[in-house]
Amino acid sequence: MTRRLIAEGAADRIADMPRADLQIILRRAALMLRNVSGVPLEPTTTDALDSIAAEMKIGRSELIQIVLREWLETNAYLPVRTIDEESETDGSA
């Protein structure tokens with residue numbers, strides 16, 4: 001049984017759980033969240049992403065999502081989004 005299934009099961013029966021067990025689960029969840037790290041990037045890649053994100057006035061996380069989605073679409077791992085040619089747009093995505 002995975003941790004996720006255990007947590008979901010506990011959430012369904014939270015009223016029935018002893019306080020001590022609930023504290024243990026919450027402490028473990030806090031530790032897991034604290035220890036989560038992003039994808040390690042080389043310093044030059046991080047600098048380039050930060051520079052482009054600042055230029056586009058978006059966050060680095062949003063920029064990474066855009067780049068990754070476009071790469072997946074370009075390489076046929078995701079279906080390409082279609083644009084309605086007859087609709088009006090202000091030029092932003």
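Is A76 buried or exposed? In this predicted model, A76 is exposed, with a relative accessible area of 66%.

**Helix α4**

Helix α4 covers residues 60-74.

Most residues other than glycine have a negative phi. K57, which is not a glycine, has a positive phi of about 60°. K57 is placed in the loop between α3 (43-56) and α4. With a relative accessible area of 76%, K57 is exposed, because the cut-off for that class is over 50%.

A76 belongs to the segment after α4. Just after that helix, A76 takes a positive phi of about 65°, and A76 too is a residue other than glycine. The relative accessible area of A76, 66%, likewise places A76 in the exposed class.

**The second largest pocket**

Helix α4 also contributes to a pocket. The second largest pocket has a volume of about 190 Å³, and its lining consists of V39, L41, L49, R60, I64, V67 and L68. Four residues of this lining come from α4, which is the largest share.

In composition, the lining of the second largest pocket comprises six nonpolar residues, no polar residue and one charged residue.

Terms used. Residues are numbered from 1 along each chain as its sequence is written. This is a predicted model: local features need pLDDT of at least 70, side-chain atom pairs count only at pLDDT 80 or more; totals for chains, interfaces and linings use all residues. Side-chain values use heavy atoms; hydrogens and water are left out. On a 1 Å grid over the protein atoms alone, a cavity is a set of points where a 1.4 Å probe fits but cannot get out, and a pocket is an open set with protein on both sides within 12 Å along at least five of seven lines; lining residues have an atom within 4 Å of a point. Grid points are joined across faces, edges and corners, and a volume is the space filled by probe spheres set on the points. Helices (H or I, at least four residues) and strands (E, at least two) are DSSP runs, numbered from the N terminus. Ala, Val, Leu, Ile, Met, Phe, Trp, Tyr, Cys and Pro count as nonpolar, Asp, Glu, Lys and Arg as charged, and the others, Gly among them, as polar. Buried means under 20% relative accessible area, exposed over 50%, partly exposed in between (1.4 Å probe, protein chains only).
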